[in-house]
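Have the viewer open while you read.

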Amino acid sequence: MAFALTLLQRFGLFAPKVDDSEAFENRLTRIGTREARRDVRATVFVRTPL
């Protein structure tokens, strides 16, 4: 069975188990990066206050 799993992983048909201990931290990092990009991007349809 281990050989079959290794073979499937080589072909990309089955992902190996991932250590989920840092998954929350990685998600927070991605969210922070996305929010930083959103702040930098100029919006087209927002009117400036008069």
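A residue counts as buried under 20% relative accessible area, as exposed over 50%, and as partly exposed in between. L8 has a relative accessible area of 35%, so it lands in the partly exposed class. Keep in mind that this is a predicted model.

So what's the overall layout? The protein chain has two helices and zero strands. Of its 50 residues, 0% are buried. The chain exposes about 5500 Å², and carbon and sulfur atoms supply 61% of that area.

Back to L8, which is found in helix α1. Setting aside residues up to four places away in sequence, L8 touches L13 and F14. These three also turn up together in a nonpolar surface patch of about 910 Å², whose other members are M1, F3, L5, L7 and F11. M1 lies in the segment before α1, a helix that covers residues 2–10. With a relative accessibility of 77%, M1 is over the 50% cut-off and therefore counts as exposed.

Which residues form the positive surface patch? They are R27, R30, R34 and R37. R34 sits in helix α2, which spans residues 23–40. R34 is partly exposed because its relative accessible area is 39%.

Here are the residues with accessibility values, side by side:

| Residue | Relative accessible area | Class |
|---|---|---|
| M1 | 77% | exposed |
| L8 | 35% | partly exposed |
| R34 | 39% | partly exposed |

Technical notes: Residues numbered from 1 in each chain as written. Predicted model: local features only at pLDDT ≥ 70, side-chain atom pairs only at ≥ 80, totals over all residues. Heavy atoms only, no water. Patch = residues over 30% accessible without salt bridge, like charges linked within 9 Å, V, L, I, M, F, W, Y side chains within 5 Å. Areas by Shrake-Rupley, 256 points an atom, 1.4 Å probe, with all protein chains shown as cover. Salt bridge = Lys/Arg side-chain N within 4 Å of Asp/Glu carboxyl O. Lys, Arg positive; Asp, Glu negative; His and termini not counted. Charge placed at Lys NZ, Arg CZ, Asp CG, Glu CD. Helix = DSSP H or I, 4+ residues; strand = E, 2+ residues; numbered from the N terminus. Buried < 20%, exposed > 50% of the residue type's maximum accessible area, 1.4 Å probe, protein only. Contact = heavy atoms within 4.5 Å.
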